[in-house]
Amino acid sequence: MCEKVKKKEYYITTAIAYASGKPHIGNTYEIVMADAIARYKRMTGYDVFFQTGTDEHGQKIEEKAQEAKMDPQAYVDQQTAVIKEIWDLMNTSYDKFVRTTDDYHKKQVQKIFEKLYKKGDIYKSEYEGWYCTPCESFWTDAQIVDGKCPDCEREVHKAKEESYFFKMSKYADQLMEHIENNPEFIQPESRKNEMINNFLKPGLQDLCVSRTSFKWGVPVTFDDKHVVYVWIDALSNYITGLGFDCDGNHGELYKKYWPADLHLIGKDIVRFHTIYWPILLLALDISLPKQVFGHPWMLFGEEKISKSRGNVIYADDLVKFFGVDAIRYFVLNEMPFAQDGSITWQLVIERINSDLANIYGNLVNRTVSMVNKYFDGKLTEEREYKPIDEDLMDFALETVKKVDHKMDSLRVADALDAIFELLRRCNKYIDETLPWSLAKDENKKDRLNTVLYNLLEGIRIATVLVEPFMPETARKIYNQINTKQVSYNSILSWGNYEVNNKVTDKPVPLFARIDAEAKLEEIQKYLEAKEPEKMKFKDEITIDDFAKIDIRIGTILNCKKHPKADKLLVLKVKCGSDERQIVSGIAEKYSPEQLIGKKVAFIANLAPIILRGQQSRGMILTAEDESGMLETITVNEVEDGAVVK
RNA sequence: CGCGAGGUAGAGCAGUUCGGUAGCUCGUCGGGCUCAUAACCCGGAGGUCGGAGGUUCAAAUCCCCCCCUCGCAACCA
């Protein structure tokens with residue numbers, strides 16, 4: 001690093017977490033990665049601002065709060081506390097935690113909305129479609145039959161459900177140009193191609209930016225039926241959190257840190273951050289963030305982590321068993337740049353044992369032990385260098401450069417790998433120099449002193465590099481080897497470890513080796529002991545409510561795949577003298593042949609609908625359990641037409 | 001023909017930009033060492049680089065076709 005007059009700013013954000021449940025390890029990975037980058041940038045001399053937060057509005061939260069019989073604000077207060085607790089548990093060093101329910105944020109969102117409305121970029125329109133008054137339903141051009149409602153066959157008229165829309169297309173060319181001129185803007189590159197081919201090239205639809213169907217959101221100031229829908233609300237946290245002011249009286253932080261250097265987000269929301277968000281900024285005449293990185297996902301083994309699959313792993317459980325730094329190390333190391341990573345309890349143990357315990361912890365332990373054993377914990381100034389030492393020194397200094405290069409391109413896992421190569425090199429150096437045999441010869445005392453110094457220095461350099469990834473571990477090692485030389489500058493050259501410092505006389509192993517079998521058993525017991533979630537049922541209904549549903553038995557006469565949708569099957573169902581077509585989303589579980597001739601339960605009086613061009617009159621009843629196993633409800637003896645009650 | 005990613009040793013991955021002895025980690029087998037946490041270091045075995053064809057003196061790498069897996073989009077009345 002060259003000498004700097006003024007520190008360069010670096011603004012990094014994570015996506016804000018949706019405050020509707022406890023984040024699992026996959027969600028937690030993002031903030032840990034952001035934290036590692038933020039800490040690294042701080043160490044290398046940047047003036048860093050690191051922001052995270054929660055998205056607290058929307059229908060789902062409104063519903064969940066209702067389910068819990070809580071006021072939505074009280075509900076999100078509680079959820080946000082849970083999220084914050086995990087972020088803090090992971091030792092993440094964010095500077096600001098924004099909540100979309102913050103007064104300042106809400107006020108700015110309203111102003112932004114107003115400004116765009118006045119500018120003409122947001123306009124009120126109605127959901128284009130046909131409305132059937134008796135059915136209270138909207139139909140598209142393709143759905144209506146001969147200008148009539150496909151449901152009741154009565155007249156329909158032009159739709160009137162109002163909504164505010166954002167003119168996306170107006171800025172599409174400008175955005176496209178920006179993407180092309182800034183190849184680093186969307187990372188990794190595969191995501192960029194996806195955006196261009198799937199969304200920009202086919203042409204952007206105007207985006208619906210308000211809702212009337214729920215209340216828990218930022219109200220539109222000039223039209224109180226509407227609340228601002230997620231995009232404008234959530235995305236603008238990146239500027240409101242810094243004190244952006246729509247009228248131009250920006251806070252100091254905003255003036256200093258915007259535009260963001262990096263939005264770190266999951267690959268599932270790349271579209272919102274690389275299309276909607278930049279366009280929103282263009283419309284507001286604000287400069288665009290420099291880079292958006294859509295990171296891959298953490299999978300459980302080979303599957304997506306999800307509650308319904310029952311394979312959720314939470315950060316706090318992992319930390320309970322392995323400690324914060326081990327988990328930080330695991331997620332950062334195991335997640336490749338552009339491909340999904342994988343986590344299992346077994347894998348975590350393997351990584352900890354082979355990398356943290358064997359290579360790193362043991363290296364520190366054996367080195368400190370030797371310094372104690374041969375020099376009473378304190379090295380001297382006498383030196384005797386050999387050519388073999390050069391190699392270690394070069395390697396260490398090269399590693400510093402390599403890590404910097406990798407971090408610059410956000411290759412966090414590769415950076416960690418490089419550090420561990422240095423640690424391996426140190427272990428090898430011990431075998432090359434054989435300190436214990438030097439110790440047997442009084443004449444080789446100086447040589448031995450030099451060898452151990454080199455080892456401590458190698459460890460010190462590696463540990464300074466490790467600090468952004470495992471802050472606690474680094475601190476412990478600084479204590480063990482008793483050094484104050486922990487700045488980044490101190491590792492740009494060899495030999496800054498303080499000679500006369502006494503290392504600890506009781507080196508405690510940094511990472512204990514784990515007995516995999518015993519540990520897995522312990523974990524298994526713990527997970528089983530965790531209370532299973534209480535069964536939740538929907539609100540009580542009366543027998544009259546139930547009587548409205550006409551459930552019948554029907555014989556499947558014929559069944560084929562839906563020509564234009566791979567998850568759907570099109571069935572011909574006979575129910576007494578009635579014969580009808582029903583579309584069902586069970587193509588992933590049943591092949592058409594399996595169903596023909598079966599007698600299944602279905603809802604006979606459900607309003608008809610067109611699904612991808614095929615009419616469906618009714619719904620086949622199925623049962624699905626948590627693992628995703630799905631079966632139709634089938635009878636054998638009863639004739640079709642039979643009533644189910 | 002929707003878009004995209006991937007298929008390399010038992011497992012997980014790098015190498016493909018710009019063709020030239022196929023590499024890393026874990027596991028496994030053998031050896032070395034005794035400072036250390038049964039840790040560390042060295043070596044061996046194990047791969048027709050998804051398949052067929054083409055270009056070339058030479059293909060994991062370039063071109064064409066095909067197969068398989070995953071993600072996104074559409075879709076679950």
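**Entry 1: Asn482**

I started with Asn482, which is partly exposed, with a relative accessible area of 26%. I am working from a predicted model, so I keep that in mind throughout. I looked up where Asn482 sits and found it in the loop between helix 18 (471-481) and helix 19 (516-529). Then I checked its backbone: phi is near 55°, which is positive, and the residue is not a glycine. I noted this down because most residues other than glycine have a negative phi.

**Entry 2: Asn91**

Next I looked up another asparagine. Asn91 lies in the loop between helix 3 and strand 4. I have Asn91 down as partly exposed, at 23% relative accessible area.

**Entry 3: a cis bond**

I went through the peptide bonds, since most peptide bonds are trans. The bond from Trp258 to Pro259 is cis, with omega near 5°. I placed Pro259 in the loop between helix 9 and strand 14 (262-266).

**Entry 4: salt bridges**

How many salt bridges does the structure hold? I have 30 in my notes. I picked out a few to look at by eye.

Asp95 and Arg42 went first: they form a salt bridge, and their closest N and O atoms are 3.6 Å apart. Asp95 is in the loop between helix 3 (72-89) and strand 4 (96-99), while Arg42 belongs to helix 1 (residues 25-43), so this pair ties together parts that are 53 residues apart in sequence. I list both partners as partly exposed: Asp95 has 40% relative accessibility, and Arg42 has 28%.

Then I turned to helix 9. Lys255 forms a salt bridge with Glu252, with 3.4 Å between the closest N and O atoms. About one helical turn separates Lys255 and Glu252, because they are three residues apart in helix 9 (residues 252-257). Are these two buried or exposed? Lys255 is exposed at 52% relative accessible area, and Glu252 is exposed at 59%. The cut-off I used for exposed is over 50%.

Arg580 counts as buried because its relative accessibility is 9%, and buried means under 20%. Asp578, at 24%, is partly exposed.

I also wrote down a network of salt bridges that links Asp35, Arg39 and Arg328.

**Entry 5: a negative patch**

Which residues form the negative surface patch? I got Glu381, Glu382, Glu384 and Asp446. I followed up on Asp446, which is found in helix 17 (residues 445-466). Its relative accessible area is 31%, so Asp446 goes down as partly exposed. That value meets the patch requirement, because patch residues need over 30% relative accessible area and no salt bridge.

**Entry 6: domains**

Last, I looked up how chain A is divided. I have domain 1 at 344-491 and domain 2 at 543-644. What distance separates their centres? Taken over C-alpha atoms, the centres of domain 1 and domain 2 are 66 Å apart.

Technical notes
Residues numbered from 1 in each chain as written. Chains lettered and ligands numbered in written order. Predicted model: local features only at pLDDT ≥ 70, side-chain atom pairs only at ≥ 80, totals over all residues. Heavy atoms only, no water. Patch = residues over 30% accessible without salt bridge, like charges linked within 9 Å, V, L, I, M, F, W, Y side chains within 5 Å. Areas by Shrake-Rupley, 256 points an atom, 1.4 Å probe, with all protein chains shown as cover. Salt bridge = Lys/Arg side-chain N within 4 Å of Asp/Glu carboxyl O. Lys, Arg positive; Asp, Glu negative; His and termini not counted. Charge placed at Lys NZ, Arg CZ, Asp CG, Glu CD. Helix = DSSP H or I, 4+ residues; strand = E, 2+ residues; numbered from the N terminus. Buried < 20%, exposed > 50% of the residue type's maximum accessible area, 1.4 Å probe, protein only. Domains from an automatic or database assignment.
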